[in-house]
Amino acid sequence: MTSNDAPKAAEPEKHATPLLDELETGPWPSFVTGLKRLRDAEGKSYAPMMNDLLGQLEHSYEKRMGFWKGGTVSVFGYGGGVIPRFSEVAEKFPASKEFHTLRIQPPAGYHYTTDLLRQMCDVWEKHGSGLIAFHGQSGDIMFQGCSTENTQKAFDEFNEMGLDLGGAGPALRTSMSCVGHARCEKSCYDEVKAHRSVINEFLDEMHRPALPYKFKFKFSGCANDCVNAIHRSDFAVIGTWRDAMKVNQDEVKAFVVGHGRKYVIDSVIAMCPTRALSLNDDDTLDVDNKSCVRCMHCLNVMTKALHPGDDRGVSILIGGKRALKVGDLMGTMIVPFMKLEADEDFEKLVEFGRRLIDFFMENALEHERIGECMDRIGLPAFLEAIGVDPDPNMVNHPRTSCYVRTDDFTDEAEKYFERKAKEAGLTVAAE
Ligand code: SF4
């Protein structure tokens, strides 16, 4: 009897998945199709795991309950970065009884080589389920579906490739930055350098959870905010400019000829939130740069005609987050403008990040995000604690706030600084 004649081990019977099958009938590609593809992969060690995973998922849909519980799984030297998942119905679905996720930090700007992607897939086919999500909301590459035994083996191979675990739990989380100045003409700073400078400095806070709760940095090159920094990060660094927007009047004219005046007026001029644009009779464009709030709308529509100015830098907004105690929050403007070009500028950014993390460590309650902490103690106390002077730019919706007159921001700010100086016992020079 040759080895070819030897009876093959009986393939496990595929679980019936009538409810999951429904999800494949809609117009969009379904994750169920992807899971089935992994289940049906011939000769792959992870196929039985994916079969039982689908079985458990179908069971969850039937019972309307999730059947995963957490636990503790880690790799040597790290306190986080692995999300443990143990099945509560392991006797029914033994092949997927452990289905942990390794969170791996992506390269800044998501610049991969195809060779690196292939290597990642090979490691995950060898040690995991073959299921990879690019990327989670924190920016991680999510390698989903690993047994406890294989977790260390998979991590070691990723580490050999130069990759590192991301954050999980009450820790600094994995960061993300948009593709930025490598490919995007709207980019206002070097996002990749900012991302790596900050995260390399705070790796300890990522790998050894010691914060009251999660803390995220995100980096967007302009106010289009392709990585959702303003509402998905505690510390959003968003590119902007403070001189005049660059206008190529020949391209404006060509755009008007190509699209018609009505289109330009309806889709660009009238859509400017601060009425900063006007189209002249000769089809040239005027921009009132003092009123422009750098929302990016007109630059996105007239891509050849309009560009960010030359005096570029970043705004820093603190406290964005999804729902928790006080509901969703957008970041609050804390640093309206900061240059980010020279090495010292990046050092200042890192130093400011350190100040924020120290404040967060010492003042936030357990399971409280920094945005909620700011909400609890109030903006004046927060600014004083982190050593930032109040600035009229921090006022939310100044044009619609009945407490703020738009024409006297500077006067009011000067009065505030005088008052603070008096409170501190300093002599204020008479005008
Ligand atoms: Fe108006 Fe936004 Fe264009 Fe500024 S960037 S002029 S605010 S549409």
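Trainee: Why does N228 count as partly exposed?

Mentor: The relative accessibility of N228 is 28%. Buried means under 20% relative accessible area, exposed over 50%, and partly exposed in between, with a 1.4 Å probe and protein chains only. The value of N228 therefore counts as partly exposed. Two remarks on the source: this is a predicted model, in which local features need pLDDT of at least 70 and side-chain atom pairs count only at pLDDT 80 or more, while totals for chains, interfaces and linings use all residues. Residues are numbered from 1 along each chain as its sequence is written, and side-chain values use heavy atoms, with hydrogens and water left out.

Trainee: Where is N228 found, and what is its phi?

Mentor: N228 is in the loop between β8 (217-220) and α8 (229-232). Its phi is positive, about 55 degrees, although N228 is not a glycine. Helices (H or I, at least four residues) and strands (E, at least two) are DSSP runs, numbered from the N terminus.

Trainee: What makes D283 buried?

Mentor: D283 has a relative accessible area of 18%, so it is buried. D283 lies in the loop between β11 (277-279) and β12 (285-287). Its phi is also positive, near 65 degrees, in a residue other than glycine.

Trainee: Why does S278 count as partly exposed, and which residues is it in contact with?

Mentor: S278 has 34% relative accessibility and therefore counts as partly exposed. This residue is in strand β11. Contact means heavy atoms within 4.5 Å. Leaving aside neighbours within four places in sequence, S278 is in contact with I269, T284, L285 and D286. Between S278 and V268 there are 9.5 Å, C-alpha to C-alpha, and the two are ten residues apart in sequence.

Trainee: What is K92 called, buried or partly exposed?

Mentor: K92 is partly exposed, because its relative accessible area is 47%. The residue is in the loop between β3 (86-87) and β4 (100-104). K92 and D288 are 196 residues apart in sequence and 67 Å apart in space, C-alpha to C-alpha.

Trainee: How do you know that the span of helix α12 agrees with the span it should have?

Mentor: The expected span of a helix is 1.5 Å times one less than its number of residues. Helix α12 (residues 343-363) has 21 residues, so it should span 30 Å, and its end C-alpha atoms are 30 Å apart, which agrees. Among the buried residues of α12 are F346, L349, V350, G353, L356, I357 and F360.

Trainee: Why do residues three or four places apart in an α-helix point the same way?

Mentor: An α-helix has 3.6 residues a turn, so residues at that spacing point the same way.

Trainee: Which peptide bond is cis?

Mentor: The cis bond joins F134 and H135, with omega about -5 degrees. H135 is in the loop between β5 (128-134) and β6 (141-146).

Trainee: How many helices and strands does the chain have, and which domains are assigned?

Mentor: The protein chain has 15 helices and 15 strands. Domain bounds come from an automatic or database domain assignment. That assignment gives domain 1 (13-63), domain 2 (70-160), domain 3 (176-240 + 313-388) and domain 4 (246-307). The centres of domain 1 and domain 4, taken over C-alpha atoms, are separated by 50 Å.

Trainee: What share of the chain is buried?

Mentor: Of the 431 residues in the protein chain, 45% are buried. Its C-alpha trace spans about 100 × 60 × 40 Å along the principal axes.
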